[in-house]
Amino acid sequence: MSEKIIPLRDARLPPTPLPSAVEAPTGLLADALARPLHDLRISVTDRCNFRCVYCMPKEVFDKDYQYLPHSAVLTFEEIVRIARIFIAHGVEKIRLTGGEPLLRKDIERLVAMLRQLDTPSGRPIDLTLTTNGSLLARKARALKEAGLDRVTVSLDALDDATFRRMNDVDYAVEDVLRGLDAAHAAGLGPIKVNMVVKRGMNDGQVLPMARHFKDSPFILRFIEYMDVGASNGWKMDEVIPSADIVRMISAEMPLVPLDANYSGETAERWRYADGSGEVGMISSVTRAFCSSCTRARLSTEGKLYTCLFATGGHDLRALLRGGASDAQVSTAVAQLWRARTDRYSETRTINTEGLAPAARKVEMSYIGG
Ligand code: SAM
Ligand code: SF4
Ligand code: SF4
């Protein structure tokens, strides 16, 4: 039996200092490697109804696992307050994630509140959400009506037995497909479908998934299995490089590379040579994109993470609940972003057993993907 790993929720970082002087946001914030702040991912819950083997394995996230107490979780009002500050600093895109964001009670109300926020030049922000799709059939219309622009849906297999093995809670493919159709009917597009590929688990599903979503309204994206968190027992030889996936698909359905939609796009885009749609490759392990990483992450309890692989977050909730003014929180955010040097994926070293460093990285279910 494997030893139970208790995932570290957060390393101890010194408290985020309250700035002595305040500065006005310019919308032009850049970090120490000249990367602007453009995207904010907000984790609205650390809970999930799935136990994906690569994210929240059952051995760790069992009935004894201590989720955050209600009082620790940011309220909608606190989330919106932080989001407004980030938008003033240049954020144009907000993604709600988790855990499973659709488990958060009244999530539509948060969407409606965030919808009210525009960029300093008056443009609406791009408001999206990543979900496992299990509650989407029920919620798609309300989310659209609340002002959500798009959804990204995770689906790791079309074969039911494989999918059930991966989500580990016996959830059926059919229900996610119904969620996708509901989201499409509600106008939550363009809809992306994310498939994490883990060798020996679902690599046999690459071609069935490609065939299924070719010529459909959905854009399928393959994600390399990453060494996030401390509980999935990641090994390099379980990663299928995107280049292999491109070769695999191209042998049956030829692919042609496409230009990126914008600088910093995480997925490399490919289109089918016969004109029947596109697929994306997110090569987080084999082709790191740290040099153009413009993403900040806000955890469920209000910690700011400047990298998916960070071992600790900066406590913004303490500032908020300690009575800091918006100008003080905004200045603290500016100082933290300016100091950012993270580039974990570009510097990741793999040891001879194919394992990533044992640093106690934060769980993805806690800060969101
Ligand atoms: N529960 C939602 C979902 O599954 O879409 C949102 C949160 S989930 C953490 C966000 C994304 O992270 C999903 O697309 C998931 O497949 C991906 N993910 C989780 N663990 C991963 C890992 N070890 N490697 C690569 N992607 C991972
Ligand atoms: Fe839940 Fe998403 Fe993680 Fe799967 S990937 S366990 S659905 S948070
Ligand atoms: Fe961004 Fe960190 Fe991922 Fe690099 S490793 S792309 S800095 S989140």
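Residues are numbered from 1 along each chain as its sequence is written, and chains are lettered from A and ligands numbered from 1 in the order in which they are written. In this predicted model local features need pLDDT of at least 70, side-chain atom pairs count only at pLDDT 80 or more, totals for chains, interfaces and linings use all residues, and side-chain values use heavy atoms, with hydrogens and water left out.

Me: Why is H1 called oblique to H9?
Reply: Helix H1 (residues 76-88) and helix H9 (residues 326-338) pack at an angle of about 60°, with their axes 10 Å apart. Angles under 35 degrees count as roughly parallel, over 145 as roughly antiparallel, 65 to 115 as roughly perpendicular and the rest as oblique, so H1 is oblique to H9.

Me: Which residues make the contact of H1 and H9?
Reply: Contact means heavy atoms within 4.5 Å, and it is made by Arg81, Ile85 and Phe86 of H1 together with Asp326, Val329, Ser330 and Val333 of H9.

Me: How do you know that E8 and E9 pair?
Reply: Two strands pair if DSSP finds at least two bridges between them, and E8 and strand E9 (residues 278-282) have four bridges, in the antiparallel sense, so they pair. Trp270 stands opposite Val279 in E9.

Me: What surrounds ligand 2?
Reply: Cys48, Phe50, Cys52, Cys55, Met56, Gly99 and Asn132 surround ligand 2, where a residue is near a molecule if one of its heavy atoms lies within 4 Å of it.

Key. Axes are lines fitted to C-alpha atoms, for helices over the stretch in contact, and angles run from 0 to 180 degrees between N-to-C directions. Helices (H or I, at least four residues) and strands (E, at least two) are DSSP runs, numbered from the N terminus.
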